[in-house]
Amino acid sequence: MKTKKQSHNNRRLSLLLIGILLLSTSACGLRVNAEELSADYQRRSTEEGDISDARFKQAMADFSWRLFKESLKAGGENEAVSPLSAILCLGMIANGASGETKKQMEQAFGMDLDTLNRCLYSYTAALYSAKDCKVNLADSIWFRDGDNLQIREEFLQANADWYGAEAYAAPFDETTRQAINSWCRQKTNGMIQEILKEIPADTEMYLINALAFEAKWAKAYEKAQIHEKDFTSYAGDSQTVSMLSSEEKIFLSGANGKGFAKSYAGEKYSFVGLLPAEGVDVYEYAASLDGAAWLALWNSRRTTTVNVTMPEFTMASHKSMKEALKAMGMTDMFDRSLADFSGITERNDLFCSNVEQKVYVQVDRSGTKAAAITWGGMEAKSAPIIEEETVILDRPFVYAIVEQETGLPLFIGVTAEINTENPV
């Protein structure tokens with residue numbers, strides 16, 4: 001039996017990111033049932049945070065680019081993360097954290113939990129979504145129907161208030177696995193087909209955040225703008241790929257690279273392509289872009305004519321974020337003796353065993369589709385017009401999908417080679 005929470009009115013269907021938190025324990029079930037949640041945990045009216053505050057933008061930019069930097073593994077592979085998916089997932093986790101565990105998470109976020117909750121609520125509510133540029137956010141909590149694990153009401157209510165989380169009580173058998181995968185397919189418009197191959201016997205709860213993005217370009221490509229050209233991979237190999245040529249208006253330039261911003265329909269989001277200077281390693285360039293450097297680059301963008309050539313590409317990645325998050329200061333949450341998640345359950349016996357993320361990005365002549373899944377396992381303790389510029393992405397480059405008003409990225413990636421087959 002399931003209970004569906006009120007979802008945010010402004011959250012609609014399309015660009016996909018899914019954040020999943022797995023809560024595992026040796027106990028056999030939960031004390032709360034879905035019918036009780038239906039009456040008690042409807043989303044309440046909330047006081048929004050100030051997303052125009054420069055401190056929020058800086059904190060979000062710092063978190064986004066540091067997560068990307070700590071997740072990078074140089075070696076010629078395509079890389080991508082969704083910082084928005086990650087922070088939404090981690091925000092839900094943090095609502096159950098206490099003590100030093102919570103303090104470390106807040107330090108990594110760059111703001112206290114109350115501010116994070118309020119600002120994420122406001123930020124996601126304001127995300128633009130329309131027919132040709134769709135953004136969808138959805139959240140759900142799935143828990144084992146039983147009697148032993150006593151979940152705190154404050155934890156459930158906080159995630160209903162700030163994240164609009166639906167709640168489902170389920171037996172955590174094969175039918176539950178299929179239901180969770182079906183929910184993910186629906187919320188991601190089919191971009192993510194499956195997240196669970198099995199449900200481990202000691203898993204008690206899944207917290208899932210879904211964010212989907214699907215957008216057409218503001219100006220469609222004509223046939224004459226599509227050509228077969230060479231792309232030189234990180235390994236030095238030459239690949240013949242489909243290249244898209246266009247004239248754009250926004251140019252970005254920094255000490256070690258240059259790039260452009262290309263608008264999607266509605267001109268509320270942009271694809272940003274950044275080409276390192278000749279002789280600069282793409283992974284070193286990506287690692288140099290912290291939050292301050294990125295915002296400085298974005299805020300100094302200027303209007304000019306930019307002759308752009310970019311490849312069509314599709315990429316998929318799957319990685320553990322555990323070491324990246326530990327490097328960002330979130331260490332206690334992964335330590336069975338130090339983790340404090342007493343805000344989730346009256347029995348303080350949970351720790352986070354891992355956080356992983358899958359990302360899918362497809363950029364082609366029509367526009368962009370992107371998807372990400374983030375999940376963590378919780379186990380019991382035992383300017384003016386100037387001269388023309390040219391940016392040709394015919395060798396490894398950095399890219400981002402950003403919300404134009406704030407400049408904050410939904411996705412960040414490195415393309416080191418062009419996949420000729422769909423990786424999903």
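Trainee: Which residues are buried in helix 2?
Mentor: This is a predicted model, by the way. In helix 2, the buried residues are Phe-56, Ala-59, Met-60, Ala-61, Phe-63, Ser-64, Trp-65, Leu-67, Phe-68 and Ser-71.

Trainee: How many residues does helix 2 have, and how far does it reach?
Mentor: Helix 2 has 18 residues. From its first C-alpha to its last it reaches 26 Å, close to the 26 Å expected at 1.5 Å a residue.

Trainee: At what angle do helix 2 and helix 3 cross?
Mentor: Roughly 110°. Their axes come within 9 Å.

Trainee: Which residues make the contact?
Mentor: Helix 2 brings Met-60, Phe-63, Ser-64 and Leu-67. Helix 3 brings Pro-83, Ala-86, Ile-87 and Leu-90. Met-60, Phe-63, Ser-64 and Leu-67 are also among the buried residues of helix 2.

Trainee: Moving along the chain. Where is Gly-75?
Mentor: Gly-75 sits in the loop between helix 2 and strand 3.

Trainee: Is Gly-75 buried or exposed?
Mentor: Exposed, because its relative accessibility is 56% and the cut-off is over 50%.

Trainee: What is Gly-75 in contact with, leaving aside its neighbours within four places in sequence?
Mentor: Tyr-234 and Tyr-283. Take Tyr-283: it is 208 residues from Gly-75 along the chain, yet their C-alpha atoms are separated by 8.5 Å.

Trainee: Let's zoom out. How many helices and strands are there?
Mentor: Ten helices and 17 strands.

Trainee: And what share of the chain is buried?
Mentor: Of its 424 residues, 58% count as buried. The chain exposes about 17,000 Å². Carbon and sulfur atoms supply 43% of that area.

Trainee: Back to helices. How many residues of helix 5 are buried?
Mentor: Ten of its 14, so helix 5 is mostly covered. Among them are Leu-113, Leu-116, Asn-117, Cys-119 and Leu-120. The run from Tyr-121, Ser-122 and Tyr-123 to Thr-124 and Ala-125 is buried too.

Trainee: What span should helix 5 have?
Mentor: Its 14 residues should span 20 Å at 1.5 Å a residue. The end C-alpha atoms are 20 Å apart, which agrees.

Trainee: Now a strand. Where is Leu-137 placed?
Mentor: In strand 4, residues 133–144. Leu-137 is buried, with a relative accessible area of 5%. Its C-alpha lies 9.5 Å from that of Gly-164, 27 residues apart along the chain.

Trainee: Which strand holds Ala-169?
Mentor: Strand 5, residues 166–170. Ala-169 is buried as well, at 7% relative accessible area. Between Ala-169 and Ile-141 there are 8.6 Å, C-alpha to C-alpha, and the two are 28 residues apart in sequence.

Trainee: What phi does Phe-172 have?
Mentor: A positive one, about 60°, although Phe-172 is not a glycine. Most residues other than glycine have a negative phi.

Trainee: Where is Phe-172?
Mentor: In the loop between strand 5 and helix 7. Phe-172 counts as buried, at 6% relative accessibility.

Trainee: Then helix 7. Which residues are buried there?
Mentor: Thr-176, Arg-177, Ile-180, Asn-181, Trp-183, Cys-184 and Lys-187. They cover an arc of only 155° around the axis, so they lie on the same side of helix 7.

Trainee: Why would residues point the same way?
Mentor: An α-helix has 3.6 residues a turn, so residues three or four places apart point the same way.

Trainee: What about the face turned away from the buried side?
Mentor: That face of helix 7 carries the exposed residues Thr-175 and Gln-186.

Trainee: How far does helix 7 reach?
Mentor: 20 Å from first C-alpha to last, for 14 residues. That is close to the 20 Å expected.

Trainee: What comes just after helix 7?
Mentor: Asn-189, with a positive phi of about 55°.

Trainee: What about the phi of Glu-267?
Mentor: Positive too, about 55°, and Glu-267 is not a glycine. Glu-267 is in the loop between strand 9 and strand 10.

Trainee: Is Glu-267 buried or exposed?
Mentor: Exposed, with a relative accessible area of 52%. Phe-172, in contrast, counts as buried.

Definitions and conventions:
Residues numbered from 1 in each chain as written. Predicted model: local features only at pLDDT ≥ 70, side-chain atom pairs only at ≥ 80, totals over all residues. Heavy atoms only, no water. Helix = DSSP H or I, 4+ residues; strand = E, 2+ residues; numbered from the N terminus. Buried < 20%, exposed > 50% of the residue type's maximum accessible area, 1.4 Å probe, protein only. Contact = heavy atoms within 4.5 Å. Expected span 1.5 Å × (residues − 1). Arc of directions from axis to C-beta. Areas by Shrake-Rupley, 256 points an atom, 1.4 Å probe, with all protein chains shown as cover. Axes fitted to C-alpha atoms, helices over the stretch in contact; angles between N-to-C directions.
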